[in-house]
Amino acid sequence: MNLLLIEDNAAMQATLQRSFERRGIRVSCCGDGAQALARWRECKPDVVLLDLSLPGRDGLELLSDARAEKLSTPVIILTARGTVGDRILGLNIGADDYLPKPFDLDELEARVRALARRRSVGPADAEAGEAEGASFCGLRADTQSDAVYHMGLPLELPPREAALLRALLARPGQALGKERLSSLVFGDADEVQPDAIEVVAYRLRKKLAATNARIVTLRGLGYLLKAER
């Protein structure tokens with residue numbers, strides 16, 4: 001995967017570049033908003049990490065120009081300007097995700113990989129995978145019986161934990177919101193507490209400890225399933 005990091009803070013730039021390259025992701029860096037668009041065209045990244053407060057050109061203006069040029073690379077905005085107004089404006093202009101500083105590196109990596117995966121897998125491929133039964137890290141959900149298997153052996157899971165795992169397996173590497181997951185796990189059950197899905201996710205994490213799959217919590221987005229390094 002090729003990542004373009006547009007960030008003017010030298011310390012932040014060096015830390016992120018070192019961290020991502022240790023995780024097997026190639027990183028190109030640019031610290032000047034005036035030069036960033038040319039760098040974007042040149043390196044053809046899979047994902048762009050974009051700071052908003054840049055010298056030479058504001059990040060939102062840069063993003064607007066990139067989208068006007070039909071540069072469709074997924075973009076995650078990283079900024080200390082974490083107000084709701086900035087977030088909405090960035091998403092409306094064409095950002096795919098938004099993470100305020102400070103952030104967790106594991107969460108950022110999960111979001112980067114989720115966007116890269118979404119870009120590389122077309123709708124037809126996704127539909128075909130669902131028809132066959134979703135599989136990931138040796139886990140497979142049987143669409144006919146609703147059973148879940150690990151390395152060909154059935155997993156003994158309570159119904160709600162199995163429902164959560166099936167939902168996450170249908171979109172590995174992609175975030176699913178808590179409300180959506182709650183509706184899939186609890187259905188029309190009455191008096192479901194707002195944090196009930198968190199309890200199910202906690203229990204499922206423990207059941208997956210022996211596998212190579214990990215449930216990641218994304219603030220404000222929900223959960224996703226990723227492979228352990």
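This is a predicted model: local features need pLDDT of at least 70, side-chain atom pairs count only at pLDDT 80 or more; totals for chains, interfaces and linings use all residues.
Colleague: How many salt bridges does a search of the whole structure find?

Modeller: Side chains of opposite charge can pair when their charged atoms come close. The cut-off here is 4 Å between the nitrogen and the carboxyl oxygen. Searching the whole structure gives a total of 15.

Colleague: How many residues apart in sequence are the parts that R41 and E69 tie together?

Modeller: The two side chains meet in a salt bridge, 2.9 Å from N to O. R41 sits in helix α2, whereas E69 sits in the loop between α3 and β4. The pair therefore links parts whose separation in sequence is 28 residues.

Colleague: Is R41 buried, partly exposed or exposed? And E69?

Modeller: R41 has a relative accessible area of 39%. E69 comes in at 37%. Buried needs under 20% and exposed needs over 50%. So R41 is partly exposed, and E69 is likewise partly exposed.

Colleague: Which side chain does D96 meet in a salt bridge, and where does that partner lie?

Modeller: D96 is in the loop between α4 and β5. Its salt bridge spans 3.2 Å, N to O, and the partner is R67. The pair ties together parts 29 residues apart in sequence, because R67 lies in helix α3.

Colleague: Which two helices does the salt bridge between K178 and E198 tie together?

Modeller: The closest N and O atoms of this pair are 2.8 Å apart. K178 is partly exposed at 31%, and E198 is partly exposed at 37%. The parts they join are 20 residues apart in sequence. K178 lies in residues 178-186 and E198 in residues 196-207, so the helices are α8 and α9.

Colleague: Which side chain makes a polar contact with the side chain of E7?

Modeller: The E7 side chain also reaches a backbone atom, the nitrogen of N9, at 2.9 Å. The side-chain partner is 2.8 Å away. That partner is K101.

Colleague: How many disulfides does the structure hold?

Modeller: A disulfide is a covalent bond between the sulfur atoms of two cysteines. The cut-off is 2.5 Å between sulfurs. For C29, the nearest cysteine sulfur is that of C30, 8.8 Å away. The disulfide count for the structure is zero.

Colleague: How far is the sulfur of C43 from the closest cysteine sulfur?

Modeller: C43 is partly exposed, at 22% relative accessible area, while C29 is buried at 14%. The closest sulfur to that of C43 is in C30. That is too far for a bond, because the gap is 9.1 Å.

Note on methods. Residues are numbered from 1 along each chain as its sequence is written. Side-chain values use heavy atoms; hydrogens and water are left out. Helices (H or I, at least four residues) and strands (E, at least two) are DSSP runs, numbered from the N terminus. Buried means under 20% relative accessible area, exposed over 50%, partly exposed in between (1.4 Å probe, protein chains only). A polar contact is a pair of N or O atoms within 3.5 Å; within protein, one must be able to donate a hydrogen and the other to accept it, and residues adjacent in sequence count only if both atoms are side-chain atoms.
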